[in-house]
Amino acid sequence: MPLSQISEVDKVSDQFEPKIVLFACNWCTYAAMDLAGTSRMKYPPNFRVIRLMCSGRVDPQFILEAFRDGADGVLVAGCHPGDCHYMEGNYKALRRMILLRRILESLGIEKERLRLEWISAGEAVKFVKAAHEMVGQIKALGPLQLSAQVKV
Amino acid sequence: MEKPKIAMYWCSSCGGCEEATVDIAEKILELADLVDIVFWPVALDYKEKDVENLPDGSITVSLINGGVRMTDHEHMVKLLRKKSKIIVAYGACSSWGGVPGLLNLYGQEELFSRVYSEVPTVENPEQVTPSRSTKVDDVELMLPEVLPRLLPLDRVVGVDYYVPGCPPTAEVTWRALEVLLSGKAPPQGSVIGASEKALCDECPLNGTKPDRVLVQDLKRPHQVIVDPEKCLLTQGLLCLGPATRGGCQALCVKARMPCTGCFGPLDMVSDYGAKAASFFASIVDFQDEESIERVMDRLPDPVGTFYRYTLASSALGGRARANRK
């Protein structure tokens with residue numbers, strides 16, 4: 001789903017349901033989500049999943065655009081340290097997220113809205129747990145509510 | 001044949017771009033032979049009504065520097081858009097907001113209270129701030145209004161070409177003028193006068209850059225005696241050359257100062273600061289959080305570092321939310 005459509009997704013209930021963009025690595029987290037699904041595990045429907053070949057492909061531009069276009073949170077999920085299919089993409093992701101969190105705070109966005117998780121292909125349970133945790137955390141923070149100036 | 005007509009205007013800028021135009025030195029005489037300058041408030045005594053009296057589309061090129069910060073800027077750039085065939089965003093402020101665009105980290109109230117009361121050298125016991133109108137001897141005088149944010153030129157009017165730099169160098173300016181006057185128009189939206197490649201490509205130190213540049217610590221320029229024969233990144237200085245468009249012939253690097261990114265993004269990059277931060281994060285030579293945090297701690301102001309010239313044109317355009325905690 002293009003990012004621009006995120007804001008058009010209908011609200012499912014009167015309660016605040018956060019929209020969370022999930023950038024998932026093809027080799028691990030995406031497979032873990034698949035496993036969670038085929039194992040009939042339940043996880044909250046707040047995620048808009050974008051599959052990439054590696055967490056190292058997540059350009060900080062994507063994350064800022066996701067927030068601009070209506071995401072209340074962004075989850076980047078990749079392979080465990082040492083397990084990257086491309087040797088060190090996940091380390092680059094880690095460093096980028098650490099720096100981007102600092103930038104987000106200067107721009108008025110809580111750093112907790114950007115989360116990084118290492119989830120291997122077999123860790124469906126870890127994915128489900130992380131999904132529940134993140135939704136709970138974003139619900140506690142409330143909607144992002146960007147300033148009217150952002151979309152001039 | 002009638003000479004092409006050129007207009008120049010400044011909005012929210014420091015005047016450096018106006019200086020840069022004159023930096024083409026004696027070539028300005030050549031330029032004066034080639035074109036008619038019909039409007040240039042800094043140098044020539046034409047007024048707004050002279051522009052209004054020109055037929056629509058009669059100005060060949062308008063070079064506009066500075067971002068749009070006030071209602072009169074908005075009015076003038078819209079007027080020039082109507083009267084011009086080609087609008088050029090000249091310089092970093094006009095293209096992406098520039099240094100004044102960093103004020104988008106603050107709201108207008110914070111701006112006024114800082115400038116008109118908090119600054120230590122300001123004495124303003126009556127807390128006077130600019131208001132839109134004031135009466136002097138029964139005459140109402142009007143001031144333009146400050147907009148809530150500084151906007152790059154292309155958020156207000158259509159922009160045909162961009163000339164980057166803070167300010168654009170004389171060489172870049174001249175190359176851009178040659179392109180504009182050649183009649184061979186590049187695709188709309190192009191950056192003209194500068195390079196299509198990153199600064200490293202033309203940097204004299206590029207040959208000394210190792211295959212993999214890795215950074216374990218950052219230093220500020222005053223903390224290091226620069227070896228002029230060695231890539232600045234390998235000396236612990238944060239040089240933004242790899243993320244920045246070339247065209248300046250590495251002026252700052254030649255003066256032993258790291259690139260701060262004033263030539264802005266390369267084609268296909270929409271958010272320069274995010275891209276520059278991404279580049280820097282990728283070359284930090286650590287894999288554990290603690291060491292990475294320690295390197296990032298060496299950047300006291302990441303937004304000011306990576307978005308120095310481009311905050312106003314970034315994805316969020318400035319502070320994302322009004323209240324500052």
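Which residues of α9(B) are buried? In this predicted model, the buried residues of that helix are B:Y272, B:G273, B:A274, B:K275, B:A276, B:A277, B:S278, B:F280, B:A281 and B:S282. Helix α9(B) is therefore described as mostly covered, since 10 of its 11 residues are buried, a residue counting as buried if 20 or more other C-beta atoms lie within 10 Å of its own.

- Taken along the principal axes, the C-alpha atoms of chain A fill a box of roughly 40 × 35 × 25 Å, and 46% of the 152 residues count as buried.
- Among contacts in chain A between residues at least 6 apart in sequence, 79% join residues that are at least 24 apart.
- Chain B has 11 helices and nine strands, and with a radius of gyration of 22 Å, close to the 20 Å that the globule rule gives for 325 residues, it is as compact as a globular protein of that length.
- The C-alpha trace of chain B spans about 65 × 60 × 30 Å along its principal axes, while 42% of its 325 residues count as buried.
- In chain B, 72% of the contacts between residues at least 6 apart in sequence join residues at least 24 apart.

**Where the chains meet**

- The contact between the chains takes 30 residues from chain B and 28 residues from chain A.
- The buried residues of α9(B) pack against elements of both chains, namely α2 and α3 (89-106) of chain A together with α5 (92-96) and α11 of chain B.

- Two packed helices are described by the angle between their axes and the distance between the axes.
- The axes of helix α2 (residues 60-68) of chain A and helix α9 (residues 272-282) of chain B come within 8 Å and cross at roughly 140°, which makes α2(A) oblique to α9(B).
- This crossing of α2(A) and α9(B) is right-handed, and the contact is made by A:P60, A:Q61 and A:L64 of α2(A) and by B:A274, B:K275, B:A277 and B:S278 of α9(B).
- The residues in the contact of α2(A) with α9(B) divide into four nonpolar, two polar and one charged.
- The axes of α3(A) and α9(B) come within 8 Å and cross at roughly 135°, which makes α3(A) oblique to α9(B).
- The crossing of α3(A) and α9(B) is right-handed, and its contact joins A:K92, A:R95, A:R96, A:L99, A:L100 and A:I103 of α3(A) to B:A277, B:S278, B:A281 and B:S282 of α9(B).
- By class, the contact of α3(A) with α9(B) has five nonpolar, two polar and three charged residues.

**Backbone details and exposed positions**

- Most residues other than glycine have a negative phi, and most peptide bonds are trans.
- The peptide bond from B:C166 to B:P167 is cis, with omega near -10°, and B:P167 lies in the loop between β9 (161-163) and α7 (170-182) of chain B.
- A:R40, in the loop between α1 and β2 of chain A, has a positive phi near 60° although it is a residue other than glycine, and it is exposed, with 6 other C-beta atoms within 10 Å.
- A:Q145, in the segment after α4 (124-141) of chain A, has a positive phi near 45°, and with 10 C-beta neighbours inside 10 Å it counts as exposed.
- A:P45 is found in the loop between α1 (29-38) and β2 (47-52) of chain A, and A:P45 counts as exposed because it has 10 C-beta neighbours inside 10 Å.
- From C-alpha to C-alpha, A:P45 and A:Q61 are 25 Å apart in space, and they are 16 residues apart in sequence.

Key:
Residues are numbered from 1 along each chain as its sequence is written. Chains are lettered from A and ligands numbered from 1 in the order in which they are written. This is a predicted model: local features need pLDDT of at least 70, side-chain atom pairs count only at pLDDT 80 or more; totals for chains, interfaces and linings use all residues. Helices (H or I, at least four residues) and strands (E, at least two) are DSSP runs, numbered from the N terminus. The radius of gyration is taken over C-alpha atoms; the globule rule is 2.2 Å times the number of residues to the power 0.38. A residue is buried if 20 or more other C-beta atoms lie within 10 Å of its own, exposed if 12 or fewer, and partly exposed in between; C-beta atoms are placed from the backbone. Two residues are in contact if their C-beta atoms, placed from the backbone, lie within 7 Å. Axes are lines fitted to C-alpha atoms, for helices over the stretch in contact, and angles run from 0 to 180 degrees between N-to-C directions. Angles under 35 degrees count as roughly parallel, over 145 as roughly antiparallel, 65 to 115 as roughly perpendicular and the rest as oblique. A crossing is left-handed if the near helix is turned anticlockwise from the far one by less than a right angle, and right-handed if clockwise. Ala, Val, Leu, Ile, Met, Phe, Trp, Tyr, Cys and Pro count as nonpolar, Asp, Glu, Lys and Arg as charged, and the others, Gly among them, as polar.
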